[in-house]
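Hi,

Here is the structure I promised to pass on. Have a look at it, and then read my notes below.

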Amino acid sequence: MRIFKLKKEYLFPFLESISEGADLWAPTKKPEGKHSFQIIKDFSQIDLDYTRTILPPRKIFLPPSFNMFKATEKKYEADFSHVTEKIIFGLHPCDIHAILIMDQFYKHHYNDPYYIEARNNTLILGHSCWPDEHCLCKSAGTDIIEEGYDLFFSELEKEYLVWIGSSKGDDLIRRKPDFFDENITDKDIQKYIEWREEKDKAFSVSIDFKNMPDLMELKYQDPLWEKLGQACLACGSCSNVCPTCNCYNINDKPFLTENASHISRCWDACTLESYSEVAGGENFREARSLRLKLYYTHKLQAYISKYGKPACVGCGRCIETCPVDINIKTVAQSLDNETVDAFWDRFAKEVTK
Amino acid sequence: MKNDKLKIGFYELTGCAGDCLLVTDCEMELIDIFNAVDIQSFAMVMSNNTDGELDLALVEGSVTTEKEIEELKDIRKRAKAVVAFGTCAVLGGVQARFIDPKEWEKNLKIVYGNTEFTHTKPVQSKPIDAFIDVDFYLPGCPVSKEQFLNFFTRILKGNPPEHYPNPVCVTCKYNENDCLLKKGELCLGPLTADGCGSICPNHNIPCNGCWGPVEGANVTSEFYLLKEKGFSVDEIKKKMANFSGTKITDYFQQLDKEPK
């Protein structure tokens, strides 16, 4: 792996030079202060001083809703209009780890062409970050990224250390060779080491993910799940903001005049009531507690047994989003018999008083 | 020429007529809609409406007079299928927000005094399924263009209509809005059926619940959550009841039974 130095003032000119003919996606600040990945029209929109976006980057590969086919009486016409040349800039290590999990999922048993086509046409440009009180990436082992990106920008004081992660990334550097300095000094290395050490100390929460599969098993019938189910608003937000959730639903959207239909695909969430409803109206996970158990089995147990790592990258989105505090932190803490500060716990005490 | 097009009627009871107006607002599809079916009655847009047999009747508005009860029963007799079209027809609308009958009588007196009703007698506002069987519900204030067109197209093609079982939060998150409930606002998103495109939260306004309660809404949890955030019981109940009409009473009775 090669590493270069890039002066900060060269960043936007560099991005401009590589994004011709492609959509450049980057974090932008919304008026109320939260961040969102958007297509950049003007470089002043980019805000790198962010911790997490509301929706995860998977929305860039597979939007919440898109058409897969146009079906007529005689044939299916595949629709790949969501696939365009894209560059995503500013992804944090946890989100890149999540993309690697998506890759595993969509390529494991069956190659999902809608994901793979979009993925193959997208360049991943990562960016270093600083944790806040919700970040669990260190616990999840996703605070450092070694693969899955084309370029990675580690921010030092006045410059970036730019890590090249792929041959495509190498090609990008070659477009502006004058911008990149190969001469990395001992002082630069020292600065980087100090930054890494400081960052390591900045984490305020931790979860022992290693224990989770066992605890999930031991506590499969625990009253905890009833408590969570009692408070869950079934809004689906924890799934929608999770960078590793990948379930979807398929709907027919018939045309009014032509004898044809769009076959559209939209995000679905196991925490929503309709998710487990089957033909005939039967619902085998009608109780909210059962749906949450499914969600957390996937994140904390099943994925670990299959792939050796949790399906949680510790991005903290569920912690920031759930109105009743059902999130990876409070659930894991509770599985570990720790006391939690959460509405769902207070609510359980209130209604059984 | 034999006319084998579906015979359809649009009817307005008590409401703002916004749902029928929305149909006329489907400008790109309007000609196709009128070509695809045989519209027998649509008072907002045509004269010479007839009161014959119908394949489908879309009824907007709630029932607020005795005359409307008769009118509604007559529509039911003539139509193979009836759709409750819009929140007023589905739930009773804002005019049904006084759940207690005594409250309604009191308000009637305040507004009309001792007026003698000669034309027809007023009744407490109710959704249409208080009087007739309803085959399908399309809530909305007004109904969503997308949901209406999808429903209309599916019926036309002989397909069952699609259900919309999700709360507003799903689309709200797709639109990447910061959660207003989490921020401490009295937002009814998790309790409310989706279809509006989360239009209020998109503009930083908490959801008013105008689509009515979503199936499986966890009213109890949201109620306690709002209480914890400092809202009064009265304030919460008032907002929840605003659009949900009589159908929120079951939830409230449930709440009242729970220990405080």
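Some housekeeping before we go on. This is a predicted model, so local features need pLDDT of at least 70 and side-chain atom pairs count only at pLDDT 80 or more, while totals for chains, interfaces and linings use all residues. Residues are numbered from 1 along each chain as its sequence is written, chains are lettered from A and ligands numbered from 1 in the order in which they are written, and side-chain values use heavy atoms, with hydrogens and water left out.

The size of an interface is often given as the accessible area lost when the parts come together. Here the buried area (accessible area, with a 1.4 Å probe, that two parts lose on being put together, summed over both) is about 3400 Å² between chain A and chain B. Carbon and sulfur atoms give 55% of that. On the chain A side, A:Leu233, A:Pro254 and A:Leu256 lose the most area to chain B, and together they make up 20% of what that side buries.

Five salt bridges run between chain A and chain B. A salt bridge here is a side-chain nitrogen of Lys or Arg within 4 Å of a carboxyl oxygen of Asp or Glu. Take A:Arg346 and B:Glu228, whose side chains meet at 2.7 Å, N to O.

**Two domains inside chain A**

Chain A is assigned domain 1 (3–201) and domain 2 (209–351); the bounds come from an automatic or database domain assignment. Their centres, taken over C-alpha atoms, are 26 Å apart. In this pairing, 42 residues of domain 1 are in contact with 38 residues of domain 2. The area buried between the two domains is about 3500 Å², with 55% from carbon and sulfur atoms. A:Arg52, A:Arg58 and A:Ile101 lose the most area on the domain 1 side, together 18% of what that side buries.

The rule finds five salt bridges across the domain interface. A:Arg317 and A:Asp95 form a salt bridge, with their closest N and O atoms 2.9 Å apart. The count of residue pairs in polar contact between the domains is 25. As for the side of domain 1 that touches domain 2, its largest share, nine residues, comes from α3(A).

**Salt bridges to click on**

Over all chains, the structure holds 30 salt bridges. One of them joins A:Arg2 and A:Asp170, at 3.1 Å between the closest N and O atoms. These two are 168 residues apart: A:Arg2 is in the segment before β1 (3–7), and A:Asp170 is in helix α6 (residues 167–175). Buried or partly exposed? A:Arg2 is partly exposed at 37% relative accessibility, whereas A:Asp170 is buried at 15%. (Buried means under 20% relative accessible area, exposed over 50%, and partly exposed in between, with a 1.4 Å probe and protein chains only.)

Then look at A:Lys59 and B:Glu176, whose closest N and O atoms are 2.4 Å apart. A:Lys59 lies in helix α2 of chain A and B:Glu176 in the loop between α7 (168–174) and α8 (199–202) of chain B, so the pair joins two chains. Both ends are buried: A:Lys59 at 11% and B:Glu176 at 4%.

A:Lys210 and A:Asp208 also meet in a salt bridge, at 3.6 Å, N to O. Here A:Lys210 is exposed at 72% and A:Asp208 is partly exposed at 30%. Finally, salt bridges that share partners join A:Lys34, A:Arg52, A:Asp132, A:Glu320, B:Asp178 and B:Lys183 into one network.

Cheers

How values were computed:
Contact means heavy atoms within 4.5 Å. A polar contact is a pair of N or O atoms within 3.5 Å; within protein, one must be able to donate a hydrogen and the other to accept it, and residues adjacent in sequence count only if both atoms are side-chain atoms. Helices (H or I, at least four residues) and strands (E, at least two) are DSSP runs, numbered from the N terminus.
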